[in-house]
Amino acid sequence: MKVVEKFTSINGGEGTRAGELAVFVRFKGCNLRCSYCDTMWANEPDCPYEEETPEEILNYVLGTGIRNVTLTGGEPLLQKDIRELIHLLLQAGLQVEIETNGAVDLSAFCEERPVFTMDYKLPSSGCEEYMITENMELLGKDDTVKFVCGSQKDLLKALDVIQTYNLTNRCHVYLSPVFGSIEPVQIVEFMLKHRLNGVRLQIQMHKVIWDPNERGV
Ligand code: SF4
């Protein structure tokens, strides 16, 4: 598996584990190129990486003594051995969260049921056309759909998707600002205006705690 970084930090603000300690494993490569991507370096062909087996990654995670594991990227579900890794981590009794971009069919990964935090890419990302909306039917109460919003147009589209797929009755729903493109207060005003019950504002905690450009946190 192509690992570009592994580190311990806090879960940056998604799902019910937000704010808890977590181990992060970031994999190389992505099938999208979002306009606001802050980990594009991990997607470049010449990005250095370590080749690691699922067993090696499991041993690293166990060695940290932390029970929450977040697999991220890039797009982690593109890794060839990702199903084996998910299996090993779950077998070890760990809480496994997968950050996925909405452009990978989740049906192949539902058997063992890790927790999914799935993006729905809105218009300003430039990648909305790649969203696999059938994934919405596969999500359950422990999963999250995250909308990263950079404009009012994005917010309106998020509202449409939330209503179309009845997301607030299905899973957690987060609206998160594109850092520097929209102010959190604009999202709050939108939530109030449309009475978005069951939807949460998410601020990327690591950008508040550390320098916004800091890696490995
Ligand atoms: S899906 Fe995520 S990692 Fe891939 S380009 Fe978009 S923001 Fe970056």
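Colleague: Why is aspartate 81 called partly exposed?

Modeller: Buried means under 20% relative accessible area and exposed means over 50%, with partly exposed in between (1.4 Å probe, protein chains only). Aspartate 81 has 24% relative accessibility, so it counts as partly exposed. The model is predicted: local features need pLDDT of at least 70 and side-chain atom pairs count only at pLDDT 80 or more, while totals for chains, interfaces and linings use all residues. Residues are numbered from 1 along each chain as its sequence is written, and side-chain values use heavy atoms, leaving out hydrogens and water.

Colleague: What makes aspartate 81 and lysine 80 a salt bridge?

Modeller: The term requires a side-chain nitrogen of Lys or Arg within 4 Å of a carboxyl oxygen of Asp or Glu. Here the closest N and O atoms are 3.7 Å apart, so the pair qualifies. Lysine 80 itself is exposed, because its relative accessibility is 75%.

Colleague: Why is valine 3 called buried?

Modeller: Its relative accessible area is 3%, so valine 3 is buried. Valine 3 is found in strand S1 (residues 2–10); helices (H or I, at least four residues) and strands (E, at least two) are DSSP runs, numbered from the N terminus. Among the residues that valine 3 touches, not counting those up to four places away in sequence, are Val25, Phe27, Tyr49 and Ile57. Contact means heavy atoms within 4.5 Å.

Colleague: Is isoleucine 82 buried or exposed, and what does it touch?

Modeller: Its relative accessible area is 1%, so isoleucine 82 is buried. Isoleucine 82 lies in helix H2 (residues 82–91). It touches Met1, Phe27, Leu71, Pro76, Leu77 and Phe109, leaving aside residues up to four places away in sequence. Isoleucine 82 and glutamate 55 are 27 residues apart along the chain, and their C-alpha atoms are separated by 11 Å.

Colleague: What makes a set of residues a nonpolar core, and how many residues has the largest?

Modeller: A core joins buried Ala, Val, Leu, Ile, Met, Phe, Trp, Tyr and Cys residues through side-chain atoms within 4.5 Å. The largest has 54 residues, and Leu71, Phe147, Leu167 and Leu175 have the most contacts inside it. Leucine 175 touches residues including Phe147, Cys149, Ile187 and Met191. In soluble globular proteins, nonpolar side chains tend to be buried together.

Colleague: What makes the nonpolar surface patch, and where does it lie?

Modeller: Patches use residues with over 30% relative accessible area and no salt bridge; like charges are joined within 9 Å, nonpolar side chains (Val, Leu, Ile, Met, Phe, Trp, Tyr) within 5 Å. This patch of about 590 Å² is made by Val188, Leu192, Leu201, Ile203, Val208, Ile209 and Trp210. Helix H4 (184–193) and helix H5 (205–209) each give two or more residues to it. Valine 208, found in helix H5, is exposed because its relative accessibility is 61%.

Colleague: How do you know that the radius of gyration agrees with a compact globule?

Modeller: The radius is taken over C-alpha atoms, and the globule rule is 2.2 Å times the number of residues to the power 0.38. For 217 residues the rule gives a value near 17 Å, and the chain has 17 Å, so the two agree. The C-alpha trace spans about 50 × 35 × 30 Å along its principal axes. The chain has five helices and nine strands, and 50% of its residues count as buried.

Note on methods: Accessible areas come from the Shrake-Rupley method with a 1.4 Å probe; for residues, only the protein chains shown count as cover.
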